[in-house]
Each structure stands twice: as C-alpha cells, then as structure tokens.
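Dear colleague,

I am handing over a structure to you with this message, and I would be glad if you could look it over before reading my notes on the salt bridges below it.

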Amino acid sequence: MSQAQANSYNATLKGKINGLEETCKALTEELNFYRDEIQTLRGEKGDLETKLAQKTADIRQNLADDVRRSEEEMRRNHATQKAENQKTQGAIAILKTEKTNLHQHLLDLKRRIAELELMIGEEQQ
C-alpha cells in the first residue's frame, strides 16, 4: 500500500469512527432526553394520581355528608309527620264525640217534637 492510500484509508476510518462517535453522542443525548421525559411523565402521573385520589376522597366525603343530612332530615320529617298524625287523630276523636253528642241531641229533639205533636193533637180533639 502506498502512503496516499494509507492516509486515505486512515482518514476514511477516522471519518467513520468520528461519524460513529457523533451518532453515539446524538443517540446518548436523545436517550437522556427521553429518560428525562419519562421521569417528568412519571412525576406528572404521580401528581395526577394523588389529585385524583384526593378528589375521589372529597366526593366520597361529600356524598356521605349528603346522605347523613338526608337521613337526619328524613327523621325530622318523620317525627313531625308522626306528631301531626297524632294531632289529627285527636281532632278526629273529638269530632266523633261531638257528632255522637249532636246525634243524641237530634234524637232528643225529635222525641220532644213527637211529644209536642201528640200534645197538640190531644188538645185539638
């Protein structure tokens, strides 16, 4: 081999090695970029999972509070309704008693009217 061919061969070999080194360097930088990107995405994923868990807990707590308030309101309404029912039952009992008394009074008046009619009929004869 001649000197020129050896230099040409070395230059080409050096060029190829330099090209490979540049490619390795670029690939390493790209790999490091994607590693950093993956780490960032993992961090964001963790943050999102934490926020989602907190929101889920908040929603669960709000629903539990709503159920508790609804149950308390239902108990109060039930107690109120029960008191109103007892009051109505008392009023019904009073009205039944008054009806019975009025009916008895009506019968007494009918009987008195019949007696008076008899007395008037006897006097006219």
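This is a predicted model: local features need pLDDT of at least 70, side-chain atom pairs count only at pLDDT 80 or more; totals for chains, interfaces and linings use all residues.

Residues are numbered from 1 along each chain as its sequence is written, and side-chain values use heavy atoms, with hydrogens and water left out.

Taking a salt bridge to be a side-chain nitrogen of Lys or Arg within 4 Å of a carboxyl oxygen of Asp or Glu, the count comes to 6. Helix α1, which covers residues 3–124, is a DSSP run (H or I, at least four residues, numbered from the N terminus).

One of the salt bridges joins glutamate 49 to lysine 45, with the closest N and O atoms 3.6 Å apart; these two residues are 4 apart in helix α1, about one helical turn. Glutamate 49 is partly exposed at 46% relative accessible area, a term that lies between buried (under 20%) and exposed (over 50%), with a 1.4 Å probe and protein chains only.

Aspartate 66 pairs with arginine 69 at 2.2 Å between the closest N and O atoms, and the two are 3 residues apart in helix α1, again about one helical turn. Aspartate 66 is partly exposed at 36%, as is arginine 69 at 48%.

Arginine 112 forms a salt bridge with glutamate 115, the closest N and O atoms lying 3.7 Å apart, and both residues belong to helix α1.
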